Amino acid sequence: MNERLDKPGLLYGAGAYLMWGLFPLLMAALKPASALEITANRAVWSLVVCLIFVAFMRSWRQLRVALSNRRVVLTLAAAGGFVAVNWLLYVYAIVSDHVNSASLGYYINPLFTVALGVIVLGERLRRLQMVAIAIGLLAVIVIGVGLGEFPWISLALATSFGIYGLIKKRVGAEVDAVTGLTVETMVLFPVAVIGLWIMAANDGLTFGQRGAEGLGLSHDLLMVSTGLFTAGALILFAAGARRLPLYVTGLLQYIAPTMMFILAVWHFNEPMPPSRWAGFALIWVALIVLTVDGFRSQSRRKIPKTAPVGEVAEPL
């Protein structure tokens with residue numbers, strides 16, 4: 001806990017989460033594109049950027065090894081399916097003015113990840129973890145009752161992201177971040193292209209179109225940049241995670257949802273009734289409890305600086 005932090009690692013890690021925290025601004029700027037079109041383009045351009053990274057880093061061998069392993073490909077294909085669902089839900093939340101719901105989903109994710117460890121991996125909950133999950137459930141109930149509806153966007157985001165992280169954990173030691181995302185987007189590419197073709201056939205495409213407000217070269221360039229932001233932030237995250245202790249990476253993960261929350265309230269002017277404030281306050285308390293538990297657990301055992309991120313999933 002008293003080790004000197006790697007400054008470049010801290011900058012890489014914080015930079016990745018800052019990029020994800022600013023993602024709502026990019027998604028909102030892509031209107032009037034639909035969530036489906038943005039997600040499909042994100043998959044296509046992410047693959048292009050990943051292949052450029054692979055070429056630049058000369059890691060074709062790692063990609064070939066991954067593609068030759070049937071188990072790895074199937075696992076990453078499953079991960080790609082869940083990440084596609086997560087991307088679609090996230091973009092839908094932004095373009096439909098539910099940025100706060102996206103923020104809440106990523107706040108809930110660490111709690112859901114702990115619960116997944118118990119349900120799927122048979123891990124035992126520590127006392128503070130049980131307290132944190134109980135407070136988190138209470139927060140969801142408070143927000144749901146206040147809104148008069150089930151907070152499905154937030155819970156679906158947390159669920160899809162948590163399962164994605166769990167699946168990626170199974171191949172984390174065999175595949176680096178760039179190779180993993182490259183294989184995932186390779187799987188998504190044909191589906192994305194077919195989706196874009198169907199949208200174009202039904203005049204539902206904004207990319208490359210002209211003559212309507214919000215369309216033009218700047219719109220097209222912003223659409224292409226979704227791939228650069230996705231792959232670029234993941235590279236920064238991977239570089240930071242390799243250099244930082246687990247507890248620091250765990251704390252950094254709260255940067256993105258906090259920025260989303262700030263943008264939702266003060267930039268997008270989304271309504272914040274008392275029940276939603278109360279729910280978010282409870283979530284923050286739950287995360288404080290979870291963080292304290294993490295520090296206590298960290299102090300009881302020595303974790304190598306280069307250990308896998310563990311409960312901290314790769315952000316999106």
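**Notes on the predicted model**

1. Setting aside residues up to four places away in sequence, N100 touches F261, A264, V265, E270, P271, M272, R276 and F280, where contact means heavy atoms within 4.5 Å. N100 belongs to helix α6, residues 99-119; helices here are DSSP runs of H or I with at least four residues, and strands are E runs of at least two, numbered from the N terminus. With a relative accessible area of 1%, N100 is buried (buried is under 20% relative accessible area, exposed over 50%, partly exposed in between, using a 1.4 Å probe and protein chains only).

2. A word on reading the model: it is predicted, with local features needing pLDDT of at least 70 and side-chain atom pairs counted only at pLDDT 80 or more, while totals for chains, interfaces and linings use all residues. Numbering starts from 1 along each chain as its sequence is written, and side-chain values rest on heavy atoms, with hydrogens and water left out.

3. On confidence, the protein has a mean pLDDT of 86, and 92% of its residues reach 70 or more (pLDDT is the predictor's confidence in each residue, from 0 to 100). Please take care with residues 303-310, over which pLDDT stays under 50. The model has 17 contacts beyond four places in sequence for this stretch. Where pLDDT is low, the predicted coordinates should not be read in detail.

4. Which residues have the most contacts inside the largest nonpolar core? They are W20, M27, I38, Y90, A102, L157 and M260, in a core of 51 residues. Its largest share, eight residues, is supplied by helix α5, residues 70-95. Another core, of 22 residues, lies apart from it and includes V140, Y254, V265 and L290. (A nonpolar core is a set of buried Ala, Val, Leu, Ile, Met, Phe, Trp, Tyr and Cys residues joined through side-chain atoms within 4.5 Å.)

5. Beyond its neighbours within four places in sequence, Y90 is in contact with W20, F23, P24, M27, R42, A102, Y106, L157 and M260.

6. V72 sits in helix α5 and is buried, at a relative accessible area of 2%. Residues up to four places away aside, V72 touches A66, V171, E174 and V175. V193, by contrast, is 121 residues away from V72 in sequence and 23 Å away in space, C-alpha to C-alpha.

7. K31 and P32 are joined by a cis peptide bond, with omega about 15°; P32 is in the loop between α2 (23-29) and α3 (35-57). R58, which is not a glycine, has a positive phi of about 55°. R58 lies in the loop between α3 and α4 (60-68) and counts as exposed at 74% relative accessibility. D97, also a residue other than glycine, has a positive phi near 60°. D97 is in the loop between α5 and α6 and is partly exposed, with a relative accessible area of 47%.

8. W152 is in helix α8, residues 152-169, and is partly exposed at 43% relative accessible area.
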